[in-house]
Amino acid sequence: MPASRRKPDGRAIRAALTHLAREKILVLDGAMGTMIQDLKLDEKGFRGAHFADWKRDLKGNNDLLNLTQPDAIRDIHLAYFLAGADLVETNTFSSTTIAQADYGLEDHVDALNFEGARLAREAADLAEQKDGRPRFVCGALGPTNRTASISPDVNNPGFRAVSFAELRSAYHQASRALIEGGADLIIIETVFDTLNAKAALNGVWDAFDELACELPIIISGTITDLSGRTLSGQTSGAFWHSVRHANPFAVGFNCALGARELRQHVAEISRLADTFVIAYPNAGLPNEFGLYDESPEYMAGLLGEFADSGLVNIIGGCCGTTPEHIRAFAERVKTVQPRRPPRVEPQLRLSGLEPFTLTKDVTFVNVGERTNVTGSAKFRKLIKNGEFSTALDVAREQGASGAQIIEDRKSTRLNSSH
């Protein structure tokens, strides 16, 4: 991997972004995948010369194009910048050892992330030269294709296809290369499992420690369907309670839903979060062919209402959106005042599937204390024997009996049973 482009000044970057976000609604780019589809690349196009003899199919591995079609990726970034984006995401959604294992490309992860950040940085510099406006590069970390909270085997609820430590290590490697390649901030996006996101946060912090710098972080969850919850079951409020300790520059939602369906969840997190709020929905729900139909003008109207209602500080587009969408968004919100984050009173805020806040109005709290290995012989035996599904039933029983908080005395951390 080439030598690092620079050692970023995280404090200066955060200060500059904060100043801009207080003056205007910032605009994020649109979908990278939609633009790559328009390139109509075949297997040879994805492989390039370097991977011509690779033993596995590579078509569909969009991140590989950072190495095999760099000019095309740089041009997509530049198109979004020139359409009005203040920030673009690197083409690295799947650039972890975990996700790239499907292609046998684990050893190329450093290069995928470094080059992904470098290409976006080059586009940012070109755009700045044209009009003098500052542009920023978001180093993108996707959720991987595995979940730390849910078993992929319905017959073995305690099984996990990946561990927290494996995720943390993969995210550490990816984020380090993104920073060295030129990322100004890190975006942990499309979070469907908050435990994955916590592993990502720890991996990012490991990279910060290693490189002696600390960049702003954006965290964006995804509400997987009209149930209003993430795949791991959390509501908007519970999701925020779970990640607020990270002090993110911005928090919000992307993907899965269109703007109309996403609005209530953005409104909820806007009410709760004492930081900036981001929203970048799909161009509607997919049609019967898996395509997205909402036009730039229609989406701009919906997101413009988000802005008029004081819900957002950053808007952009996910699946199905293009530079034309971003141009329409930027034009629609250019004179709208950005949301002002509320001042939130310090209180004990916990979360499980739903949020729990210990307010003055809550005069009594039930704490379930049977889920710890020091105080319950039954629970200790279940954990030692690997009977995690049955151990989970112990927690469920306490919740059903009225416990609002479940105590894990071994780790001394409290987690809501809701």
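This is a short tour of a predicted model, stop by stop.

**Before you start**

Residues are numbered from 1 along each chain as its sequence is written, and side-chain values use heavy atoms, with hydrogens and water left out. In this predicted model, local features need pLDDT of at least 70 and side-chain atom pairs count only at pLDDT 80 or more, while totals for chains, interfaces and linings use all residues.

Colour by pLDDT, the predictor's confidence in each residue, from 0 to 100. The protein averages 91, and 95% of the residues score at least 70. Now select 410–418. Here the pLDDT is below 50, yet beyond near neighbours in sequence the stretch has 27 contacts in the model. A contact means heavy atoms within 4.5 Å.

**Stop 1: the cavity**

Select Leu141, Gly142, Pro143, Tyr171, Ile188, Glu189, Val191, Phe192, Asp193, Asn196 and Ala197. They line the largest cavity. A cavity is a set of points, on a 1 Å grid over the protein atoms alone, where a 1.4 Å probe fits but cannot get out; lining residues have an atom within 4 Å of a point. The structure holds one cavity of 30 Å³ or more. About 50 Å³ of space lies in the largest cavity. Grid points are joined across faces, edges and corners, and a volume is the space filled by probe spheres set on the points.

Show strand S4 (185–191) and helix H9 (194–211). Each supplies at least two lining residues. S4 gives the most, with three. Helices (H or I, at least four residues) and strands (E, at least two) are DSSP runs, numbered from the N terminus.

The lining divides into seven nonpolar, two polar and two charged residues. Ala, Val, Leu, Ile, Met, Phe, Trp, Tyr, Cys and Pro count as nonpolar, Asp, Glu, Lys and Arg as charged, and the others, Gly among them, as polar.

**Stop 2: asparagine 196**

Stay in helix H9 and pick asparagine 196. Asparagine 196 is buried, with a relative accessible area of 3%. Buried means under 20% relative accessible area, exposed over 50%, and partly exposed in between (1.4 Å probe, protein chains only). A polar atom of the asparagine 196 side chain lies 3.1 Å from the backbone oxygen of proline 143. Leaving aside neighbours within four places in sequence, the contacts of asparagine 196 include Thr144, Arg146, Leu167 and Tyr171.

**Stop 3: the second largest pocket**

Centre on Ala31, Met32, Gly33, Thr34 and Cys319. Of the 36 residues that line the second largest pocket, these are the closest to its centre. A pocket is an open set of points with protein on both sides within 12 Å along at least five of seven lines. About 860 Å³ of space lies in this second largest pocket. Helix H2 (32–39), helix H6 (97–100) and S4 each give two or more residues to its lining. H2 gives the most, with six.

**Stop 4: helix H10**

**Stop 5: two loops**

Go to alanine 212, in the loop between H9 and strand S5 (217–221). Its phi is near 55°, a positive value in a residue other than glycine. Most residues other than glycine have a negative phi. Alanine 212 counts as exposed, at 53% relative accessibility.

Finish at asparagine 247, in the loop between H10 and strand S6 (250–258). Phi of asparagine 247 is also positive, near 50°. At 53% relative accessibility, asparagine 247 counts as exposed.

Conventions:
Polar contact = N/O pair within 3.5 Å; in protein donor to acceptor, adjacent residues only side chain to side chain.
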